[in-house]
Amino acid sequence: MDGEANLGGVGADRERELKVTLDHHPKAPFAESTTILWRRLAQWKSADPFRFAGKGDGLRQQSASQESFLQRIHSCDKMFVLGVTAVLILCIVAFLIWWQKSARLYWEKNGVSYIPGPPLIGIPKDCMMLKKNCGELFMEIYNNEKFKDEPITGVYFFNKPSLVVRHPELIKKILIKDFSNFMDRTLSGDPYHDVIGMDNLFLVKGQRWKTIRHKLSPIFTTGKVKNFFLLMMEVIKILEQKLAEEIGDEPQEYDAKELASLYTTDTLSLCAFGVQANSLLDPKADIHENIKRAIDFNWQRGLVYLLSFFLPKLSSVFGLTLFSKETNDFLRSTINNVMEERIRKTLRLYPNLTFLDRNCTPTDGKSSYSLEPYHKFAIPRGMPVYIPAMAIQRDPNYFPDPLKFIPERFESKSSLHQSNFLSFGIGPRGCIGKRFAYFQVKLSLVTILRHYKVEASERTPKTIKLDRKAVVLRSEEPLYINLTRI
């Protein structure tokens, strides 16, 4: 009986061990069912304990059968996973076949010739893989042997049915006669992360486009473009100077693309913003480097533009930007700096306070303040000190050609300009409202210049006569200007 008990104990231990293995095995989805099975085996064993006793071979046979049972369960798991995988693959294949067929049927039922492409991607597959330029893709579509005489051909750009137009009269109707039906471009970006990129004339849509176009059109009339001639000639002179210095008796090789880029950067910067970019003289200039960053394409930028053209809905979902954050920041800072330079230039010539005053009150208990090593004089306590701000800001030693309008001189952040530009004072008693004043003026300038052209009128004074009765700087006469609605 003791032997039977021992055998029974061994069987119980093995039962518990196997139960734990089944319950916790990661591939045993039928753990609950196996628990019920083991309970039935335990009842059967208690009813006939001698079947588990004897020579010991029965217990080993039981263990082997249990291991076989586990293997069958694992085999079932594998079959289940393979079955689910097969079903998913079949579903995907069926979906792709349906997509391809429905794409073809869409164009066939509308009587339009159709050039198929891979499912889900459509015709731009080679462009997305960066094997072809978009121009090459449309050349292939246009010259397709089967449909090249058709006025239109249907394609799919990803999930979007799109039409390629060949017939010149249809092109004229779409772009001119019936333009109101085709006003917007397909290209799109994220309006929240790419405000500058999405709010320029090339990309902006709807009524916003009409408004901007209406305001900019007068700038590019024949008469106005002629006014840019002198500005362009300044850049031409720099180009001539550059070539004359670099080309000797021997031929000099140039990258025509880079040379054209430098020239265009300088021309647009001067004509559009009044800023001398000096890219021809310094190809590493900030403006040129940032423009290159905006228009140079690596594979990432290429894919972003392709998706923005052919799958524009993803632009907002994934925050795609046509201009990088660095380019957006640069453009903002450049426009801001251009305005600030012109404000500073005006304040340099016409500061509100023409002089600064301080009273000498030495804090070290001494009766005077020494000017060594600049002078041997010591300022006695209580003596007033005056700093002629307006005169300093017109000193040719600090500002060459001081009466000329050269806002670019403030591009330099040198300490010389900082210590000699005193319109707001400097130091702890500098004007506390400096930032507010800049913000106020910039806001008014943007508001006026967005809607009006500013010109001198017949009564605009050639020089400003200062009001001799005022301590602060004031014009004695009205300052008349003409504002013309753009």
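**The whole chain**

Start with everything shown as a cartoon, and keep in mind that this is a predicted model. The chain has 18 helices and 9 strands. Its 486 residues include 28% that count as buried. Among contacts between residues at least 6 apart in sequence, 57% join residues at least 24 apart.

**The largest nonpolar core**

Hide the surface and select Ile115, Ile123, Leu137, Ile141, Val155 and Phe157. The largest nonpolar core has 16 residues, and these six touch the most other members. To see where the core gets its residues, colour α4 (125–128), α5 (134–142), β2 (152–157) and α13 (299–310), each of which gives two or more. Which of the elements gives the most to this core? Turn to α13, which contributes 4 residues.

Next, centre on Ile115 and display its surroundings. Apart from neighbours within four places in sequence, Ile115 is in contact with Ile123, Ile141, Asn144, Phe147, Thr153, Gly154 and Val155. There is also a second, separate core, made of 8 residues, and among them are Ile343, Leu347, Phe399 and Ala437. As background to both selections, nonpolar side chains in soluble globular proteins tend to be buried together.

**A nonpolar patch on the outside**

Bring the surface back and select Leu445, Ile448, Leu449, Val454, Ile481 and Leu483. Together they form a nonpolar surface patch with about 490 Å² of accessible area. Both α18 and β9 (481–485) supply at least two of its residues, and α18 gives the most, with 3. Pick out Leu449, which sits in helix α18. Is Leu449 buried or partly exposed? Leu449 counts as partly exposed because its relative accessible area is 48%, which falls between the 20% limit for buried and the 50% limit for exposed.

**An annotated cysteine**

Now select Cys431. An unreviewed UniProt entry places the feature "binding site" at this residue. You will find Cys431 in the loop between α17 (415–420) and α18 (434–451). With 41% relative accessibility, Cys431 is partly exposed.

Move to helix α11 (residues 256–273), where Thr265 is located. Why does Thr265 count as buried? Its relative accessible area is 5%, and buried means under 20%. Show the residues around Thr265: leaving out neighbours within four places in sequence, its contacts are Ala277, Ser279, Ile287, His288 and Ile291.

From there, select Asn278, in the loop between α11 and α12 (286–295). Check its backbone angles: phi is near 60°, a positive value in a residue that is not glycine. Asn278 is partly exposed, at 33% relative accessible area.

Select Asp401 in the loop between α16 (389–393) and α17. Asp401 is not a glycine, yet its phi is positive, at about 50°. Its relative accessible area of 44% makes Asp401 partly exposed.

Then go to Glu372 and Pro373, which are joined by a cis peptide bond with omega about 5°. Pro373 belongs to the loop between β5 (368–370) and β6 (378–380).

**Last stop: Val204**

Finish at Val204, in the loop between α7 (195–198) and α8 (206–216). Display its contacts beyond neighbours within four places in sequence: Met198, Asp199, Trp209 and Ile212. Finally, draw a distance from Val204 to Arg185, C-alpha to C-alpha. The two residues are 19 apart in sequence and 8.3 Å apart in space.

Definitions and conventions: Residues numbered from 1 in each chain as written. Predicted model: local features only at pLDDT ≥ 70, side-chain atom pairs only at ≥ 80, totals over all residues. Heavy atoms only, no water. UniProt positions renumbered as here; feature names shortened; annotations may be inferred. Buried < 20%, exposed > 50% of the residue type's maximum accessible area, 1.4 Å probe, protein only. Contact = heavy atoms within 4.5 Å. Patch = residues over 30% accessible without salt bridge, like charges linked within 9 Å, V, L, I, M, F, W, Y side chains within 5 Å. Areas by Shrake-Rupley, 256 points an atom, 1.4 Å probe, with all protein chains shown as cover. Salt bridge = Lys/Arg side-chain N within 4 Å of Asp/Glu carboxyl O. Core = buried A, V, L, I, M, F, W, Y, C linked by side-chain atoms within 4.5 Å.
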